[in-house]
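Hi,

Here is the structure I promised to pass on. Have a look first, and then read my notes below.

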Amino acid sequence: MKETAEQSQVRDPPDRHDGRLKFQKILVPTDSRETAELTIPLAKRLLYAGGEIVTLNIIDTTFPLEVIDKWKKSTRISIAAVEAGYRHEVTVTPEVKNARSIVNCILEEISIRDIGLLMFVINPHEGKRSFRFGSKTRSLARSATCSVLMLNKLTLGMHRRPGGKMLVAIKGDDEGREVLSLAKTLSDELGGLPIIQYRMPDGKKVRKRAEGQQGAGEYRTFAKVYYGSKVADAILGELAKDRYSLVLISSNISRSALPFYSGGAFEFLMKNAPCPVMIYRKVVS
């Protein structure tokens, strides 16, 4: 079926003519009341006025005897999401679905609703003390047909942290520019956090390009270039030098072809960063 111009506009990357990045529809998978209540106000900061947040709770039907209890839990999560929407004056549509594949259900919802951003919290595996990226995270990061924003749990309490700086780790490519636009949106929404650009190596002229983009008015954007190979260590070293309230990372700064695998740079950062971490992947057109 041929899509309308309006649908195409929603699915395309958002307009960044003013240097900010926002979305018309944001999908937030939820597995608890806490996730719903704390993620919705953050999602609102990235939403156009009049936009919509869709919360999705998926009931795994692999074990049929547990479905009834899970539906009861899902009802409580949905009520919490709607109540959070009322409190924060934003439209929230709760969805509860049965599925054998959580990943496929999320991908289908993205397609059906023309979602612009998938935003989800990465939790440590249940029963394990150490943080690990799971196969669902890798599949969603690789296969989602919209932009993706992955958060660690510290991000949910970000509004309670004292003001500091925002470290933005990017390359000088299109995804890097989109991440910087997202950083400017977050800076506005979080009271004007100063942005520190941390430029990863992306060619012989990286320093020249970075120096050419230092000026960003009240955002106090600076360029810092790193030429080493241990991306996670470099970012953690930078975090130790100053007080940061947030780290925003472009998904392509890792040299690995599989950046979300167990033991990789992003997993190490999510586990060891002393502040909230967001990883952004630009929609694949």
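Let me start with a question: is Ala84 buried or exposed? Keep in mind as you look that this is a predicted model. Ala84 sits in helix H3, which covers residues 67-87. Its relative accessibility comes out at 0%, so Ala84 counts as buried; the cut-off for that is under 20%. Leaving out residues up to four places away in sequence, Ala84 touches Ala36, Glu37 and Ile40. Glu37 is 47 residues from Ala84 along the chain, yet the two C-alpha atoms are separated by 5.6 Å.

Now the overall picture. The chain has 285 residues, and buried ones make up 50% of them. You'll find nine helices and 10 strands in the chain. If you take the contacts between residues at least 6 apart in sequence, 78% of them join residues at least 24 apart.

Next, have a look at H4 and H5. Helix H4 runs over residues 102-113 and helix H5 over residues 135-143. They pack at an angle of about 25 degrees, and their axes are 10 Å apart. Angles under 35 degrees count as roughly parallel, and H4 and H5 are therefore roughly parallel to each other. The crossing of H4 past H5 is right-handed. On the H4 side, the residues that meet H5 are Ile102, Val103, Ile106 and Leu107. Their partners in H5 are Lys136, Ser139, Leu140 and Ser143. Sorted by type, the residues of this contact come to five nonpolar, two polar and one charged.

The spacing of those residues is worth a thought. An α-helix has 3.6 residues a turn, so residues three or four places apart point the same way.

The buried ones are Val231, Ala232, Ala234, Ile235, Leu236, Glu238 and Leu239. Asp233 also has its place in H8, but its relative accessibility is 42%, so Asp233 counts as partly exposed.

H8 packs with helix H9 (residues 265-272) at an angle of about 30 degrees, with the axes 8 Å apart. That makes H8 roughly parallel to H9. H8 brings Ala232, Asp233, Ile235 and Leu236 to the contact, while H9 brings Ala265, Phe268, Leu269 and Asn272. By type, the residues of this contact are six nonpolar, one polar and one charged. Two of the residues named there, Asp233 and Asn272, are 39 residues apart along the chain, and their C-alpha atoms are separated by 10.0 Å.

Last, the cysteines. How many disulfides does the structure hold? The count is zero. Cys105 has 6% relative accessibility and so counts as buried. Cys275, at 1%, counts as buried too.

Cheers

Technical notes: Residues are numbered from 1 along each chain as its sequence is written. This is a predicted model: local features need pLDDT of at least 70, side-chain atom pairs count only at pLDDT 80 or more; totals for chains, interfaces and linings use all residues. Side-chain values use heavy atoms; hydrogens and water are left out. A disulfide is a pair of cysteine sulfur atoms within 2.5 Å. Buried means under 20% relative accessible area, exposed over 50%, partly exposed in between (1.4 Å probe, protein chains only). Axes are lines fitted to C-alpha atoms, for helices over the stretch in contact, and angles run from 0 to 180 degrees between N-to-C directions. Helices (H or I, at least four residues) and strands (E, at least two) are DSSP runs, numbered from the N terminus. Angles under 35 degrees count as roughly parallel, over 145 as roughly antiparallel, 65 to 115 as roughly perpendicular and the rest as oblique. A crossing is left-handed if the near helix is turned anticlockwise from the far one by less than a right angle, and right-handed if clockwise. Contact means heavy atoms within 4.5 Å. Ala, Val, Leu, Ile, Met, Phe, Trp, Tyr, Cys and Pro count as nonpolar, Asp, Glu, Lys and Arg as charged, and the others, Gly among them, as polar.
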